[in-house]
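User: I have a structure to go through with you. Can we take it piece by piece?

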Amino acid sequence: MKHTISVIVEDRPGALTRITTMFARRGFNIDSLAVGPTERPGVSCITLRVDCSQHTLEQIEKQIHKLVNVLRVTELVPGDAVERELMVIKVTAGPERRAELVTTAEAFAGRVLDLGPESVVFEVVGTPEELDSFHELCRPYGVRELVRTGRIGMSRASARRDRGPRLAAIN
């Protein structure tokens with residue numbers, strides 16, 4: 001089963017390395033990883049997507065808690081969290097085929113970032129499943145390049161507190 005984990009860390013050199021090394025030493029695979037600043041200066045959020053059992057997830061959380069600079073570990077529970085990903089994709093499309101491709105991108109709330117003589121670069125933000133769907137629709141045109149950020153997420157503002165993500169803090 002796939003799980004999304006949000007790890008709040010002090011923004012210090014080596015924090016990400018310690019987490020990824022912990023995964024490698026224990027033979028856990030990371031499917032997706034994204035890192036960025038939070039609303040608090042000096043604090044970053046690392047979002048990891050892992051494929052493991054519930055028991056293994058609990059072991060991962062315990063191991064992450066032991067690491068230096070880790071402030072909080074949260075599992076982003078499906079339904080109680082919003083998760084998004086960014087994709088930038090360059091698709092082969094001459095002027096005669098662009099209109100239908102742009103219309104398709106707009107259906108996914110995508111936007112054109114760049115136009116070339118024989119290709120278009122799109123930006124699409126959405127759930128990973130939505131991005132997969134858009135990618136599949138672009139395949140017949142010819143995908144020249146594609147990059148994705150990996151998943152990011154947070155607990156919903158409307159999530160019920162008694163069902164919210166498991167949260168453990170170290171201070």
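User: Which residue forms a salt bridge with Lys 2?
Analyst: Asp 31 does, with the closest N and O atoms 2.8 Å apart. The pair links distant parts of the chain: Lys 2 in strand β1 (residues 2-10) and Asp 31 in strand β2, 29 residues apart. A salt bridge here is a side-chain nitrogen of Lys or Arg within 4 Å of a carboxyl oxygen of Asp or Glu. Strands (E, at least two residues) and helices (H or I, at least four) are DSSP runs, numbered from the N terminus.

User: What should I know about the model and the numbering?
Analyst: This is a predicted model, where local features need pLDDT of at least 70 and side-chain atom pairs count only at pLDDT 80 or more, while totals for chains, interfaces and linings use all residues. Residues are numbered from 1 along each chain as its sequence is written, and side-chain values use heavy atoms, with hydrogens and water left out.

User: Back to that pair. Is Lys 2 buried, partly exposed or exposed? What about Asp 31?
Analyst: Lys 2 is partly exposed, with a relative accessible area of 41%. Asp 31 is partly exposed too, at 36%. Buried means under 20% relative accessible area, exposed over 50%, and partly exposed in between (1.4 Å probe, protein chains only).

User: How many salt bridges are there in the whole structure?
Analyst: A search finds eight. One of them joins Arg 151 and Glu 83, with the closest N and O atoms 2.5 Å apart. Arg 151 lies in the loop between β8 (143-148) and β9 (152-155), Glu 83 in strand β5 (residues 81-92), and 68 residues separate them. Arg 151 and Glu 83 are both buried.

User: What's up with Arg 49? Where does it sit?
Analyst: Arg 49 lies in strand β3 (residues 43-51). Arg 49 is buried yet has no salt bridge. Its nearest side chain of opposite charge, Glu 83, is 4.1 Å away. For charge, Lys and Arg count as positive and Asp and Glu as negative, with His and the chain ends not counted.

User: What is Arg 49 in contact with, sequence neighbours aside?
Analyst: Leaving out neighbours within four places in sequence, the contacts include Lys 2, Asp 31, Glu 83 and Arg 151. Contact means heavy atoms within 4.5 Å.

User: Switching to the surface. Which residues form the positive patch?
Analyst: Arg 25, Arg 26, Lys 62 and Lys 66. Arg 26 is in the loop between α1 (15-25) and β2 (30-37). Arg 26 is partly exposed, with a relative accessible area of 36%. Patches take residues with over 30% relative accessible area and no salt bridge; like charges are joined within 9 Å, nonpolar side chains (Val, Leu, Ile, Met, Phe, Trp, Tyr) within 5 Å. A charge is placed at NZ of Lys, CZ of Arg, CG of Asp or CD of Glu.

User: And which residues form the nonpolar patch?
Analyst: Leu 16, Leu 33 and Val 35, with about 210 Å² of accessible area together. Areas come from the Shrake-Rupley method with a 1.4 Å probe; for residues, only the protein chains shown count as cover. Leu 33 sits in strand β2 and is partly exposed at 31% relative accessibility.

User: Last one. How many helices and strands are there?
Analyst: Four helices and ten strands. Of the 171 residues, 40% count as buried.
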